[in-house]
Amino acid sequence: MYAGAKIQITPLMANRLIALIGTRLALPVSPLPGEGLADVIFRAAAINGLKTTNRFMPGLKRPLSHNSVAMYSFDFPALADFLGTPTGADDIAHLDYTRTTLSRRAGNGPFNFFGTYLPCKQLINHRRIAPRSLIKSNHSKAIWQISALQFDPLSHELLLERCPVCTDLLDFWHPAGVSRCSACGPSLDLRDFPQESVQCGDPEALRFVTAFIDPEVEKSVDKVHDDLRRLDAGQLFMLCVFVAAVLDDELRNGARRCFTGVSVSPLSLSVAGRAVMNWPNGLACLHERLVGTEIFRGRSFDRHPLEALLRQTKIFQPATIGAARTAMHLPRVETFTEAQVVQSGATSASSHLRLHKFTKRSEAVSRMSKAVGIPRGVLFECFLSRLIPCPDAKLAEAVGGDHGPFSTFARGLRPRQSRNKVSLSVRGTVSALYNGLGNPWPLILKGLQQGLLPVTKVEADDWLRTLRVEEFQPWIEYCHDLQPSTDFVNLPIDYEEVGFYLDLEMGTVRSNLGPYCREAEIKTLERLHNFRTMYLPVREIYNRLVIGGTPRSEWLISKQLNQAGVRCSEKATSYRLRADVNQILDTL
């Protein structure tokens with residue numbers, strides 16, 4: 001009774017079919033494995049000899065396709081009766097491409113593809129078939145109509161979308177038969193035109209990618225890295241498609257416009273699949289190849305280029321972008337040796353930049369930074385110097401340092417008892433005593449570790465704030481001779497780091513130094529050094545006066561500077577010309 005379907009007719013089914021006479025098609029149908037709603041409708045129309053499929057979607061002006069099905073709201077009980085399915089609406093309800101109002105109206109947004117969510121534009125408007133598969137069972141499959149895939153997931157046979165004789169696009173509108181071309185008629189059987197199989201060298205990776213969305217196989221989400229396991233299978237599939245599209249250079253005309261309906265080569269898709277299988281190092285190893293494609297040439301981004309492109313597509317969730325961002329900034333551990341990372345000039349600038357970015361993206365480093373009170377970018381060189389343990393295992397391996405908590409370093413310090421009411425924070429002391437080129441903090445931590453820099457301890461929110469300086473002379477002598485590394489002075493710094501070096505809160509930096517930072521005049525440690533050579537904040541004057549034994553309020557200092565005619569920065573009036581301040585500092 002049901003063509004191709006192994007269904008044993010029960011008395012209940014028989015009664016239903018009898019009751020539907022005059023309502024249902026003469027030859028009823030039931031969904032076959034892998035079919036979508038458009039496939040079921042097309043097959044039903046074909047075996048019942050209908051000339052078109054428009055009777056199934058009244059009121060819809062667009063021809064039947066998987067894409068138009070996603071735009072249409074079906075009356076499933078009525079459709080099930082018309083098709084004559086065995087039990088009713090439940091037989092086909094799971095084939096509904098559940099979607100948002102936006103996706104139904106304009107073809108944007110996600111739709112539900114057998115339990116995973118994909119962009120609506122991934123559904124093509126025509127028909128594709130795999131001739132070898134039709135020989136085994138003459139029914140088409142929904143996954144063949146996904147734009148990104150050019151092959152059958154099971155056999156890896158390339159899909160046929162044009163008649164090999166008349167070259168017309170195959171469609172769902174004219175139901176001459178699943179294996180027929182409506183223009184050429186019944187004399188032509190498309191099963192006589194088997195296509196070549198994909199030659200990619202990594203069929204396992206292709207099966208891994210297609211398993212994310214193939215309704216006939218078990219989803220492969222459980223086989224992915226822990227960082228990806230919480231993501232929807234559709235997001236993982238589209239992430240693979242995204243990487244393949246970049247490799248194919250298919251996004252040159254705009255990521256948002258081109259990507260949602262993009263078709264990618266099987267070879268690039270297998271490379272992308274292998275990268276996700278070997279996550280996160282798999283994607284990290286593709287980094288140079290990805291950012292070297294045409295789409296990135298001559299363009300600038302305010303964040304990592306691949307992350308910027310992921311965001312431009314408007315389809316990836318924050319968790320997906322976050323996982324990709326972490327992987328893209330991951331150092332390729334196998335390419336770094338201890339000597340290469342630590343020795344000056346042993347690694348390329350791009351390697352330093354990637355290590356630096358990974359440090360700032362690491363959640364473990366972020367937690368340490370908050371607890372210790374030292375910005376992530378400042379900690380970066382401390383990890384490279386191997387003075388403190390690194391909380392991120394991958395980063396620790398890359399730099400050849402110890403993996404562990406900061407407490408193992410802090411336990412080795414011996415703060416003294418407070419004896420003086422006048423004290424200064426360690427950050428303020430370093431800011432006042434060192435304004436040379438380079439990051440002094442690896443050497444400061446070394447001095448603390450060796451007991452060369454005396455401190456006392458108080459209660460505070462983070463570790464660094466618990467340390468206070470009362471004996472300034474050892475600090476003056478130590479900072480006078482500091483010669484920190486200048487290997488990393490051209491790495492980017494953020495507001496938090498600028499504030500740390502200037503002993504200012506980040507909000508103060510944003511409001512007072514915003515013009516300089518936005519115009520990229522303070523973008524690196526070298527440029528901050530150039531700025532500090534010209535200007536200094538009132539806070540630094542305050543710190544220097546405390547160290548000199550003549551403390552006073554910042555408000556009073558500002559008043560005296562104004563009375564003395566000390567000039568201000570053109571863009572930030574709370575910063576004074578260093579040359580002017582040095583001339584009158586002894587008189588304050």
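Predicted model: local features only at pLDDT ≥ 70, side-chain atom pairs only at ≥ 80, totals over all residues.

Mentor: Residues are numbered from 1 along each chain as its sequence is written, and side-chain values use heavy atoms, with hydrogens and water left out.

Trainee: How many helices and strands are in the protein chain?

Mentor: Helices (H or I, at least four residues) and strands (E, at least two) are DSSP runs, numbered from the N terminus. On that basis the protein chain has 29 helices and 7 strands.

Trainee: What percentage of the residues of the protein chain count as buried?

Mentor: Buried means under 20% relative accessible area, with a 1.4 Å probe and protein chains only. The protein chain has 588 residues, and the share that counts as buried is 52%.

Trainee: Are H21 and H23 parallel, antiparallel, perpendicular or oblique?

Mentor: For H21 (residues 426–433) and H23 (residues 472–480), the axes come within 10 Å and cross at roughly 45°. Angles under 35 degrees count as roughly parallel, over 145 as roughly antiparallel, 65 to 115 as roughly perpendicular and the rest as oblique. H21 is therefore oblique to H23.

Trainee: Which residues of H21 and H23 make the contact?

Mentor: Contact means heavy atoms within 4.5 Å. H23 contributes Phe 472, Trp 475, Ile 476 and Cys 479, and H21 contributes Val 426, Thr 429, Val 430 and Leu 433.

Trainee: Which residues of H22 are buried?

Mentor: H22 spans residues 441–449. Its buried residues pack against several elements, among them H21, H23 and strand E5 (467–469). Those buried residues are Trp 441, Pro 442, Ile 444, Leu 445, Gly 447 and Leu 448.

Trainee: Which residue just after H22 takes a positive phi?

Mentor: The position comes just after the end of H22. Its phi is about 75°, and the residue is Gly 451.

Trainee: Are H13 and H14 parallel or antiparallel?

Mentor: H13 (residues 305–312) packs on H14 (residues 318–328) at an angle of about 165°, with the axes 9 Å apart. That makes the pair roughly antiparallel.

Key:
Axes fitted to C-alpha atoms, helices over the stretch in contact; angles between N-to-C directions. Buried < 20%, exposed > 50% of the residue type's maximum accessible area, 1.4 Å probe, protein only.
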